[in-house]
Amino acid sequence: MAQIVLKNIWKSYGKKDVVKDFSMTINDGECFTFLGPSGCGKTVILRMIAGFERPDRGEIYIGDRLVASGEKHYSLPPEARDIGVVFQDYAVWPHKTVFQNVAYPLHIKKVHKEELKQRTNTAVAQVGLKNYEKRYPYQLSGGQQQRVALARALVPRPSVLLLDEPLNNLDANLREEMRFEIKVLQREYGVTVLYVTHDQDVALAISDRILVFDKNGSIRQVGKPEELYDNPKDSYIYKFMGVSNFVPADIRGGKAYLKGTKEVVCEDASFADGAMTMASRPSDVLLSRQDGVLAKVMRVAYLGNNFDYRLSLGDVEVRAQMDTHEALAQRLIFEPGEECRISFGKMKWFDAEQAKEEVL
Amino acid sequence: MARLNLQSSSGKKFGGAEIVLALSIAVLVVIVAVPVFMILYNAFTVDGRLNIGDVVSIIREPDTYMALRNSLIIALGVTGLGTFLGVLFSYLVARTDLPLKSLMKLLFIVPFMLPSFIGAIAWKVLLSPRGGYINKMFMDLFNTTKPLFNIYSVAGIIVVETMYLFPFVFMQVSAALERMDPTLEESARISGVPLGTIMRKITFPLIMPSIVAGALLIALYSLAHFGVPAILGTEIGFYNIPTLIYRKIHSSGGSFASIRTGTVLATILIASAALILYLQKLVLKSGRYSIIAGKSMRPMLMKLRKSKMPILILCFIYIFITVILPTVTIMLVGSLKTYGLPFELKNMTLRNFQYIINWRMTRQAVSNSLFLSLGAAFVTMLAGTIISYVIVKMKVKGKFILEFLGVLPFSVPGTVIALGVILTWSGKFGINLYNTTWIIFVAYIARYMAFSIKSNSAALEQVHDSLEEAARSCGATHWQSMKDIVLPLIRPGMVAAFFLILLPALRELTTSVLLYGPRTRTIGVAIYALNEDGETVLACALATFALLIIVFGEIVIRRILSAKEGGPSGG
């Protein structure tokens, strides 16, 4: 019922095209995430869906209703779009109490007094702010203010909820807590969610589907979180999904050699001869004293449950993570400056030319 | 289709935004730009043709030339003396262990609130060469015919103006000293640099932009100052640009030749004011780096040691002489039976005040001033709010015109505005407001629009766009979000703008003195005219009323503004 359809959207500021021929359908009840670096135009698209900006060309539908059309110079104002928006800077009104903030959408809709009170109280309780109703925003922490914003966006039961980097200004613990709550609330309300962020952890945690932009604003891949993580279309997606190692390699006769050397990094690389780039996550780099390619330990950080190593392999840096218990049991603790041998467990292969940007 | 477009806020090519923009521009053009244009037009043309030769010959006339010279001399003297006093006192208050600092800080700003022409009348009463009370006392005491100090002189004008204008530098510099990062000085101190060297090599270079900016403000105001030279200079035939414009127009009953001379002089004022403001902008831009946070840290204080008490006493003497003595003098003279009698109880009476209250002329002046200042403050506040909203919040092409027109009045002195208003509203464009209250009304709006825009823009910039967008996404229309979100949040700024206009308008003299008619005197004009007519006692009695209204107003504002800041809307 409340799917969001974007058809061939164009938007420019001055001479710069920020959004170029963008099309996408966000399904009803889905939690969809735009993931991309800053400046890729993801927030602009959200603002066009909300009605704060107009597309130069193209059409936007919410449900069956055309809400904006560049060609027809038509844009339904935001208040008529049946949406909720949560902003990065909370945008909680400083002159209204928590109750007044959350009740405002119902007040505008002229909801009957008793119902307004009851629905507002429910929404406030749902975001865990019971007993804070009479407080003003300056008496709340950042996390609490963002909860107010969330309750305010959800209380009119919109068909679409738009979240623009809502967790950016929160500290790491709060962020983790809030992303679960957003997910829970989304299921409860059955609302279609569009979430805009540059933080892949949040995106992986809450999304049904993720769309990854590159910095030019083009779509790189769309898919479920596990698809993106396991089957990245290219090295860009791979890098975006987490800490990555990229090792340039030469393929000769089904084996992969560290670029420009005779060191074998993979015994079983069934590709045509030529240059390829191998990628792996730090947890898939195996350290040992005997087997594998020779590397040098540059830095070690002990992080409690694991050791974080930065190794130099030829002229690339490789990060490795080793479980503390395993390292202790196998006596595999290295000092900076020491030599060690590494092999790669799980790995991905990418076209060397295309992966150039990611390999630094 | 068109109806839908009107509802949207971010329309680019059409809709309500453009209508509001067009209206705002129209208001500013009619009220501000046309009068200024009329001055320039009349200065440089004769019978519709460009005529520069005439301009040169007007400037070379001896009295115009002298007025230019006098304005410059006064401006230089006041700027020099005012800057010295401002820097000295701000340093004492911000960076020494002088006792009672917060009280001193407040007292040093008090002269700012008092109308300088009332101060000038007080000093005339005290130090006029023959009749001045202090001079008389001095001559009796030492049995001489030479007065202690003749206030009817260039030095007198400079000293009196300085008393009322030095707070410009004082406020700028003490703000800079407070905001300056004390670690800059501390790191020098840790390196073993003596305090005197730190002051010379670090503190002063850092506050230099603020000093220069404040000094330029003094110059700007002094150059176009009417009240003090009008009261102290006219007596000895000493005219500066504004007083000469006033004399020319008054003595000729508004003839074209006199207005033309006025427009040429006004053009010079506009040009020099624009130059000063441009310089100030440059200086402030270059000084940005010096204003680094660190307000919570305590700057090191210079210990005054043995000179602490003497300096404190000197400060109090200064405040006594510049604030208390003139104020008390005005009140005492206002209670004298006849001007010139000694201040003894048997010579005192309340009859003057009674007379002032019952006299039609003064009653009319008070009610005119109240109507004009309340009305102009209200209209200017509202118009300023709308114009600032367009400037700060709306995405429309062409709003830079508004920004330019909005700050234009900053560089247009009161005399110039009066002249421009005469040229514009005397029937030339089909509307003749001459000799009515409304001509003063439009002049006040033009004169104070910049205050309103400044105050409202500052308030609006605090209201982040997302607050309004959040309201829109909650279902509120543009007008509902204005009413429920924006207006409540900028109300303190609007209230501030209202009072920032109301108080100066209540005591306005420079503009009204060129515009008043027989029934449209303001308080300022009435006091000035009474003084001119030799009715010093009545002038002082009316001035006493004016001072009471002003002090009461200042107290009310401070109450309201500080209560607003403390409230929840301030968070």
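**Reading domains, an interface and a sheet**

Mentor: Let's start with chain B, where the domain assignment gives domain 1 (11–38 + 350–571) and domain 2 (61–291); such bounds come from an automatic or database domain assignment. Keep in mind that this is a predicted model, where local features need pLDDT of at least 70, side-chain atom pairs count only at pLDDT 80 or more, and totals for chains, interfaces and linings use all residues. Residues are numbered from 1 along each chain as its sequence is written, with chains lettered from A and ligands numbered from 1 in the order in which they are written.

Trainee: How far apart do the C-alpha centres of domain 1 and domain 2 of chain B lie?

Mentor: The separation of those C-alpha centres is 25 Å. The contact takes 25 residues from domain 1 of chain B and 22 residues from domain 2 of chain B; two residues are in contact if their C-beta atoms, placed from the backbone, lie within 7 Å.

Trainee: Which helix gives the largest share of the domain 1 side in chain B?

Mentor: Helices (H or I, at least four residues) and strands (E, at least two) are DSSP runs, numbered from the N terminus. Here H25(B) gives the largest share of the domain 1 side that touches domain 2, eight residues.

Trainee: And how many residues of chain B are in contact with chain A?

Mentor: The size of an interface is often given as the accessible area lost when the parts come together. Counting residues instead, 22 of chain B are in contact with 27 of chain A. On the chain B side, helices H1 (2–7), H21 (465–473) and H22 (478–506) each give two or more residues, and H21(B) has the largest share, six residues.

Trainee: What is the strand order in the open sheet of chain A?

Mentor: Two strands pair if DSSP finds at least two bridges between them. In chain A, six strands line up as E7-E8-E9-E3-E10-E11, with mixed pairing. Strands E7 (83–86) and E11 (219–223) of chain A each have a single partner strand, so one side of each lacks a neighbour in the sheet. From one strand to the next, the twist averages 15°; axes are lines fitted to C-alpha atoms, for helices over the stretch in contact, and angles run from 0 to 180 degrees between N-to-C directions.

Trainee: How many bridges join E8 to E9 in chain A?

Mentor: Five, between E8 (residues 160–164) and E9 (residues 192–197) of chain A, which run parallel. Leu161(A), for one, has Val193(A) as its bridge partner in E9(A). Helix H4 (residues 142–154) of chain A packs on the sheet, touching E7 and E8 of chain A, and its direction makes about 170° with that of E7(A).
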